[in-house]
Amino acid sequence: MKTNILPALVLGLALSLPVAAESLPVVTVKPHAVDLLFPAEAVVEAIQQATVGAQVPGRVLEVKADAGQAVKKGDVLMRIDAREAAEAARAAEAQYANTRVNYERTKSLVAQKFMSAAALDKAKADLDAASANRAAASASQSHATIVAPITGVVARRHAELGDMAMPGAPLFTIYQPGGLRVTASIPQYRLNEMRTVKSARVEFPELGKWVEATSVQVLPTADVATHVTPVRVNLPDVPEATPGMFARVHFITGQAEKLTVPAKAVLRRGEVAAVYVQTADGRLSLRQLRLGDLVGKGEIEVLAGLASGDQVVTEPVKAAIVQKGVGEKTPPDHR
């Protein structure tokens with residue numbers, strides 16, 4: 001006779017089968033002080049991030065960096081064909097040389113009283129303008145080489161080899177991986193409570209990881225459409241996290257005495273939740289529970305279904321396998 005877990009969950013039956021007590025990890029549940037949590041969805045952001053854009057028009061001739069690559073400040077990321085800028089620089093240089101010769105000539109003539117002082121002032125103004133134009137043209141020519149403004153990791157490359165780069169168009173996004181934070185949106189009715197919150201835990205579901213926040217900051221702004229307030233939560237070093245990743249922030253709002261079970265110990269089938277309880281004689285009992293909120297560090301409040309001192313199996317899948325194996329050894333029912 002094989003045991004079926006789903007009917008047991010739905011009907012709330014207690015299935016008791018002998019198993020070796022030492023084969024399953026268990027935890028003894030009892031009321032204890034736990035942190036009360038307020039969860040909120042959040043997005044990972046880089047504290048320091050830079051978007052590198054084109055400053056001169058031109059076709060992309062060379063690409064030397066890609067997404068995920070670590071770069072240092074000043075490293076060459078890309079080169080742009082800036083022949084127009086080069087020609088403008090040469091024209092500016094020629095104009096500067098011409099105005100300089102004219103200025104020297106005018107200064108000599110004024111010294112010989114052949115020209116007025118006003119002519120020298122105009123020649124000096126023309127020379128200053130040509131000098132400024134030459135410097136600007138030279139700077140534009142240097143902008144054909146795109147360099148990293150900060151040390152970090154390339155989050156995204158916005159242009160490919162052969163693309164036409166235009167002034168103001170982004171080419172690279174670079175961030176510093178050592179400084180990350182998450183930003184959560186909090187409804188207004190929670191703001192008074194949130195202003196006293198000083199600590200939080202951040203969960204990364206895809207990474208299977210929890211970290212303690214280093215600080216919590218409620219920003220003094222609210223979205224006019226959704227009426228939510230952003231809350232910034234700074235993170236310690238999390239090498240696996242990247243900007244744009246989903247996270248869940250659990251703000252610690254207080255403490256209370258509660259009976260809890262580890263969240264990983266709970267079996268769920270739709271709206272029904274249960275845990276495997278191991279009795280003193282090493283038998284398993286599948287208990288249906290009524291659960292409350294997530295509290296503490298990966299724990300769930302138990303409202304009904306368990307008593308203080310019960311031993312709950314923390315690996316329900318392993319318990320189900322053991323239970324099934326024992327069930328297969330039971331003689332078949334010939335009734």
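A salt bridge brings together the side chains of glutamate 301 and lysine 258, with a separation of 3.1 Å from N to O. This pair links distant parts of the chain, since glutamate 301 belongs to strand 22 whereas lysine 258 belongs to strand 17 (residues 246-258), the two residues being 43 residues apart. The structure examined here is a predicted model, and the values reported below are to be read accordingly. Glutamate 301 is buried, its relative accessible area being 14%, and lysine 258, at 18% relative accessibility, also counts as buried, because both values fall under the 20% limit that applies to buried residues.

In total, the count of salt bridges comes to 13. One of them is formed by glutamate 45 and arginine 181, whose closest N and O atoms are 3.3 Å apart. Because glutamate 45 lies in strand 3 (residues 32-46) and arginine 181 in strand 12 (residues 180-187), this pair ties together parts that are 136 residues apart in sequence. The two partners fall into separate accessibility classes: glutamate 45 counts as partly exposed at 28% relative accessibility, whereas arginine 181, with a relative accessible area of 14%, is buried.

A further salt bridge is found where the side chains of glutamate 62 and arginine 79 meet, at 3.2 Å from N to O. Here, too, distant parts of the chain are linked, with glutamate 62 located in strand 5 (residues 58-63) and arginine 79 in strand 7 (residues 76-80), 17 residues apart. Glutamate 62 is partly exposed at 30% relative accessibility, and arginine 79 is likewise partly exposed, with a relative accessible area of 32%.

Glycine 298 is placed in the loop between strand 21 (283-295) and strand 22 (299-304), the latter being the strand that contains glutamate 301. With a relative accessibility of 23%, glycine 298 counts as partly exposed, because this value lies between the 20% limit for buried residues and the 50% limit for exposed ones. When neighbours within four places in sequence are left aside, the residues in contact with glycine 298 are Val261, Pro262 and Ala263. As for its position relative to glutamate 203, glycine 298 is 95 residues away from that residue in sequence, while the C-alpha to C-alpha distance between the two is 9.6 Å.

Note on methods. Residues are numbered from 1 along each chain as its sequence is written. This is a predicted model: local features need pLDDT of at least 70, side-chain atom pairs count only at pLDDT 80 or more; totals for chains, interfaces and linings use all residues. Side-chain values use heavy atoms; hydrogens and water are left out. Helices (H or I, at least four residues) and strands (E, at least two) are DSSP runs, numbered from the N terminus. Buried means under 20% relative accessible area, exposed over 50%, partly exposed in between (1.4 Å probe, protein chains only). Contact means heavy atoms within 4.5 Å. A salt bridge is a side-chain nitrogen of Lys or Arg within 4 Å of a carboxyl oxygen of Asp or Glu.
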